[in-house]
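Reader: I'd like a quick walk through this model. Can we start with the charged pairs and then move on to the strands?

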Amino acid sequence: MKINFDAPPTSAQETNGLEVRYAAAKRRVPRWRWYLLLAMVLVAPAYLLVRFGIAYWWESTPAQVVLEQATLRAPAAGRVAFVAAPGAPLEPGQPVMALERTPTDTPAPPAATPSPTPHAQEPAQAQAYAAKLALLTEAERLASRRLAIQQERLHTMQGLREQGAATRQEVDNLRFQVLQAEADLSRARADVREQRMLMARVPAAMPAAAAPATPQPPADEAAPAQPGTALAPFAATAVQALVRPGDWVAQGAEVAVLQRRGEPLVHAYLPPDKARYAQVGRMATLHFMDGGKVRAKVVGLMMEAQSPPADRMSPLTPRTPSIVVKLQALEPLPAPYHIHQLPLDVRFDWVASRWF
């Protein structure tokens, strides 16, 4: 038995010699569409490959712009009469903050009346000395309590600094406050000792009080006190005023923050396994967030390892202590980049490792 099969179609668009119009999905696809699909598939691997090549040939690390800042403190207690406005340029020795003039009361000369007997005057003076001693003792207690609180805050801040949750400037500010509290406590203890010595000499000094008193010329300390002023230690710009005219400030209170004028440095955080880049003279490129690029070189190192900023690290990346490298731009940085702690990236020129 012989079986005859129909001849196969010569084209997908023809059947038994008749043209068939199939749906659009079965039509012949243009070649450029295949190329576009292939490019879309390969773009992700190509991007990862380029990033791997850049990370291999150029070491990139987080960094920040650093400008020298100083926090001025009130030289004495008083009411603020003047404080430099933020943005004001200051020259060395120029007043940044001034206190109002506070004249002291000059004691009046004793009247020419017969003085009471020593036995009648002794109880009143003893009571006055006892009341003053009680006030000085209370001041000493408060100063001791303040010192304990400041020391506890400093200890807590140092722990946060080790965990990378606090900056070195915050620790230094608390350390200065602890020193000021220690000075206040020493001054309070000295006043208490002096008052106790005066109380011990009261009986011996009372007979001399019966002698007629003669007017004494005013001492130098009774002259009107000059207003306390905080002077700029260097050519700087006022960044922040922490007080306002009319505010009452205590001695040692922070009143203003100054920023030194000049070219800033860039602090980059290098992991310990990339220490070959941490050498003076190494070249690098500063990459700012707005796309700006500036060439720089390493001019020094910090003698203390620090953790990189938390906001520049991935949550999945451990914040290990890093080498802090100081870089100086080869050309002056534009004015918009003169911002303290401005984040950026530093890309070091490739240096072969020692095991190559």
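**Salt bridges, strands and cores**

Author: The side chains of Glu 91 and Arg 261 meet in a salt bridge, 3.1 Å from N to O. Keep in mind that this is a predicted model.

Reader: Where do Glu 91 and Arg 261 sit in the chain?

Author: They link distant parts of the chain, 170 residues apart. Glu 91 is in the loop between β6 and β7. Arg 261 is in the loop between β11 and β12.

Reader: Is Glu 91 buried, exposed or partly exposed? What about Arg 261?

Author: Glu 91 is partly exposed, with a relative accessible area of 43%. Arg 261 also counts as partly exposed, at 35%.

Reader: How many salt bridges in the structure?

Author: The structure holds 10. One of the pairs is Arg 141 with Glu 138, at 2.5 Å from N to O. Both lie in helix α2, residues 118-162. They are 3 residues apart, about one turn of the helix.

Reader: Which residue does Asp 172 pair with?

Author: Asp 172 forms a salt bridge with Arg 175, and their closest N and O atoms are 2.9 Å apart. Both are in helix α3, residues 168-200, again 3 residues apart. There is also a network of salt bridges linking Arg 146, Asp 184 and Arg 187.

Reader: Which strands does β13 pair with?

Author: β14, residues 293-301, pairs with β13 in the antiparallel sense over 5 bridges. β16, residues 343-348, is also an antiparallel partner over 5 bridges. On the β14 side, Thr 285 has Arg 295 as its bridge partner.

Reader: What about the turn between β13 and β14?

Author: That hairpin has 4 residues between the strands. Gly 291 there takes a positive phi near 95 degrees.

Reader: Which residue other than glycine has a positive phi?

Author: Gln 341 does, with phi near 65 degrees. Most residues other than glycine have a negative phi. Gln 341 lies in the loop between β15 and β16, and it counts as partly exposed at 40% relative accessibility.

Reader: Now the inside. Which residues touch the most other members of the largest nonpolar core?

Author: That core has 23 residues, and the ones touching the most other members are Val 266, Leu 286, Phe 288, Leu 327, Leu 344, Val 346 and Phe 348. The elements giving two or more residues to this core are β3, β12, β13, β14, β15 and β16.

Reader: What does Leu 327 contact?

Author: Leaving aside neighbours within four places in sequence, its contacts include Val 266, Ala 284, Val 298, Val 346 and Phe 348. A second, separate core of 20 residues includes Leu 72, Ala 232, Phe 234 and Ala 236.

Reader: And the outside? Which residues make the nonpolar surface patch?

Author: Among them are Trp 32, Trp 34, Tyr 35, Met 40 and Val 41, in a patch of about 1,000 Å². Trp 32 is found in helix α1, residues 31-57. At 53% relative accessibility, Trp 32 counts as exposed.

Reader: Last one. How many helices and strands are in the protein chain?

Author: There are 4 helices and 16 strands. Of the 356 residues in the chain, 26% count as buried.

Methods
Residues are numbered from 1 along each chain as its sequence is written. This is a predicted model: local features need pLDDT of at least 70, side-chain atom pairs count only at pLDDT 80 or more; totals for chains, interfaces and linings use all residues. Side-chain values use heavy atoms; hydrogens and water are left out. Two strands pair if DSSP finds at least two bridges between them. A nonpolar core is a set of buried Ala, Val, Leu, Ile, Met, Phe, Trp, Tyr and Cys residues joined through side-chain atoms within 4.5 Å. Buried means under 20% relative accessible area, exposed over 50%, partly exposed in between (1.4 Å probe, protein chains only). Contact means heavy atoms within 4.5 Å. Patches are made of residues with over 30% relative accessible area and no salt bridge: like charges are joined within 9 Å, nonpolar side chains (Val, Leu, Ile, Met, Phe, Trp, Tyr) within 5 Å. Accessible areas come from the Shrake-Rupley method with a 1.4 Å probe; for residues, only the protein chains shown count as cover. A salt bridge is a side-chain nitrogen of Lys or Arg within 4 Å of a carboxyl oxygen of Asp or Glu.
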